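Hello,

Here is the structure we discussed. My notes follow below it.

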Amino acid sequence: MKKYVLDLKVVSCEHLGDRYALLRLTADEVLPEMLPGQFAELRVDGSPDTFLRRPISIHYVDRALNEVWFLVAMVGEGTSRLGSLRRGDFLNCIMPLGNGFSLPDSPQERVLLIGGGVGVAPLLFLGAQLRQMGCEPTFLLGARKASDLVELDLFRSQGRVLLTTEDGSVGEKGFVTGHSVLASEKFDRICTCGPKPMMMAVAKMAAARGIACEVSLENMMACGLGACLCCVEPTKKGNICVCKEGPVLNINQLLWPI
């Protein structure tokens with residue numbers, strides 16, 4: 001898929017809770033084709049200490065408004081700068097990068113989308129694509145506490161939403177892999193993104209039950225083009241650059257203990 005370097009205009013930058021910023025960007029020309037699971041490298045301007053772009057998952061694409069959305073976790077200088085953008089500012093982006101999630105062959109497949117933390121970001125776009133093809137996805141979203149869960153109404157607009165929190169403040173108490181739906185219902189496919197320990201636990205559970213599973217890795221991706229070798233991941237076929245051959249991989253390709 002062709003890559004573009006675009007100066008996108010900020011439509012809005014909305015802070016969600018105390019950690020996240022939702023960036024909505026547009027362009028004068030029609031935005032390029034993008035797949036759920038792909039990402040962009042966003043340039044951080046105005047920071048003397050931030051030299052590398054920040055890899056951010058494509059959160060949602062609104063074709064009617066010609067907008068692309070990014071959900072940014074403001075955890076450092078670079079991402080905090082992105083969260084301080086204002087309407088009318090411009091943001092330089094290289095996109096779309098990497099590959100995306102596989103879509104089911106049939107809308108009758110039961111698909112479970114599991115996200116933790118900011119790893120929920122690519123799942124909204126994926127859920128929208130599944131819904132468009134007639135599939136009704138189930139979202140299983142996990143966080144430490146209720147205030148860390150954002151955009152629940154948006155996720156509910158695309159499918160069923162189930163929740164877990166580590167402190168039990170909303171949904172079931174515990175981790176996503178302990179949610180009761182995994183014992184009471186059967187799924188044909190799982191797609192997941194979030195902290196690596198969470199994804200490894202999901203992969204192990206999926207493998208034990210014979211469920212097809214893809215994970216979106218969050219290795220450090222400095223260039224996004226496979227040149228810097230920061231994001232190398234060992235696989236059954238050797239080392240790969242996650243930014244180029246991922247970030248979405250089938251668990252059968254990985255060397256994880258499953």
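**The largest pocket**

The largest pocket holds about 1,000 Å³ of space (a pocket is an open set of points on a 1 Å grid over the protein atoms alone, where a 1.4 Å probe fits, with protein on both sides within 12 Å along at least five of seven lines; the volume is the space filled by probe spheres set on the points, which are joined across faces, edges and corners). It is lined by 48 residues, of which Gly116, Val118, Gly119, Pro195 and Glu218 are the closest to its centre (lining residues have an atom within 4 Å of a point).

This is a predicted model, in which local features need pLDDT of at least 70 and side-chain atom pairs count only at pLDDT 80 or more, while totals for chains, interfaces and linings use all residues. Residues are numbered from 1 along each chain as its sequence is written, and side-chain values use heavy atoms, with hydrogens and water left out.

Strand E4 (54–57) gives the most to the lining, 4 residues. Helix H2 is among the elements that supply at least two (helices are DSSP runs of H or I, at least four residues, and strands are runs of E, at least two, numbered from the N terminus).

In H2 (residues 121–132), 9 of 12 residues are buried (under 20% relative accessible area, 1.4 Å probe, protein chains only). Glycine 134, which follows H2, has a positive phi near 95°.

Strand E10 (residues 160–165) has 5 of its 6 residues buried. E10 runs parallel to E9, joined by 6 bridges, with threonine 164 of E10 opposite glycine 142 (strands pair if DSSP finds at least two bridges between them). In E11, glutamate 172 is the bridge partner of threonine 164.

Regards

Conventions
Buried < 20%, exposed > 50% of the residue type's maximum accessible area, 1.4 Å probe, protein only.
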